[in-house]
Amino acid sequence: MSNENKAFIHPKTGSLVLPKGRLLWNALFRPRKGKGDKPGKHECNLLFPKNADLSVAKDEAMTAGKDKFSKAFREAEGKWPKSIGTPFKRTADNDKLVAALEAADIKVEDFPVYVAARSNDKPGIVGPNGKSDGIEAEHVYTGRWARMTVDAYGYDVDGNKGVSFGLKNVQLLDNDDELVVGGGKVSAESEFEAVEGAGDDSKSSESLFE
């Protein structure tokens, strides 16, 4: 797995290795809560830079789509059918993600696409050295660089048709600034400024009852 910026098929396992991207919403150590009485799933989302080569990933998704929805893909004549959901999502279409990138002074066009992968089972998680020793939940945060291995498959559930990625394993890579997407944790530095002589003219909290 030498080229971190290019999707490829692992020569030994046959898994699709996605390029290096930045983690978004994830549920790697504990599955998300399922809808209704359905069990939750483990999930990993990656946001890819514009130089990421996803051509092999697209080919794998197309193959899975053709296997599941042969008629729709045949009628689309080589293009992705509008009636079939794609695993590739446009960053610009997600308002919360756009806001998070802009707040971090990152151009949306520099990270144009993201994907999600899910699994019923907890994925294997390793660090940059390829080892799982010492990897804890605190090491996985929105904004960290990572990559993952997946399998593409077609689905038809409750009238929703599309192609998705099944999550297999994740490798954590470079640390980076944390991204705050859709609320949640906000840095103290972003909310407070230095105050000179704080408390000089302040009233006692007892004044609330005066």
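Visitor: Where is R144 in this predicted model?
Guide: R144 lies in a loop. The loop runs between strand 7 (124-126) and strand 8 (145-157).

Visitor: How do you know that R144 has no salt bridge?
Guide: The nearest side chain of opposite charge is D174, 7.3 Å away. A salt bridge needs a nitrogen of Lys or Arg within 4 Å of a carboxyl oxygen. R144 is buried, yet has no such bridge.

Visitor: What does the side chain of R144 reach?
Guide: The backbone oxygen of H139, at 2.9 Å. The backbone oxygen of L173 also lies 2.9 Å from a polar atom of this side chain. The limit for a polar contact is 3.5 Å.

Visitor: Which residues is R144 in contact with, leaving aside its neighbours within four places in sequence?
Guide: Among them are G21, R22, L23, P128 and D174.

Visitor: Why is H42 called buried?
Guide: Its relative accessible area is 5%. Buried means under 20%, so H42 is buried. H42 is in strand 4 (residues 42-48). A polar atom of the H42 side chain lies 3.3 Å from the backbone oxygen of A27.

Visitor: How many aromatic pairs does the structure hold?
Guide: Four. One of them joins W25 and Y114.

Visitor: What distant parts of the chain does the pair of W25 and Y114 link?
Guide: W25 is in strand 3 (residues 21-27), and Y114 is in strand 6 (residues 113-119). They are 89 residues apart.

Visitor: What makes W25 partly exposed?
Guide: Its relative accessible area is 28%. Y114 has 11%, under 20%, so Y114 counts as buried.

Visitor: Why is the pair of F111 and W145 called tilted?
Guide: The planes are at 50 degrees, and the centres are 6.0 Å apart. Stacked needs under 30 degrees and edge-to-face over 60, so this pair is tilted. F111 is in the loop between helix 3 (95-103) and strand 6, and W145 is in strand 8.

Visitor: Are F111 and W145 buried or exposed?
Guide: F111 is at 9% and W145 at 13%. Buried means under 20%, so F111 and W145 count as buried.

Visitor: What sits over the ring of W145?
Guide: The charged end of K20, 5.3 Å from the ring centre. The distance limit is 6 Å.

How values were computed:
Residues numbered from 1 in each chain as written. Predicted model: local features only at pLDDT ≥ 70, side-chain atom pairs only at ≥ 80, totals over all residues. Heavy atoms only, no water. Helix = DSSP H or I, 4+ residues; strand = E, 2+ residues; numbered from the N terminus. Buried < 20%, exposed > 50% of the residue type's maximum accessible area, 1.4 Å probe, protein only. Lys, Arg positive; Asp, Glu negative; His and termini not counted. Polar contact = N/O pair within 3.5 Å; in protein donor to acceptor, adjacent residues only side chain to side chain. Contact = heavy atoms within 4.5 Å. Phe/Tyr/Trp six-rings, centres within 6.5 Å; stacked < 30°, edge-to-face > 60°. Lys NZ or Arg CZ within 6 Å of the ring centre and 35° of its normal.
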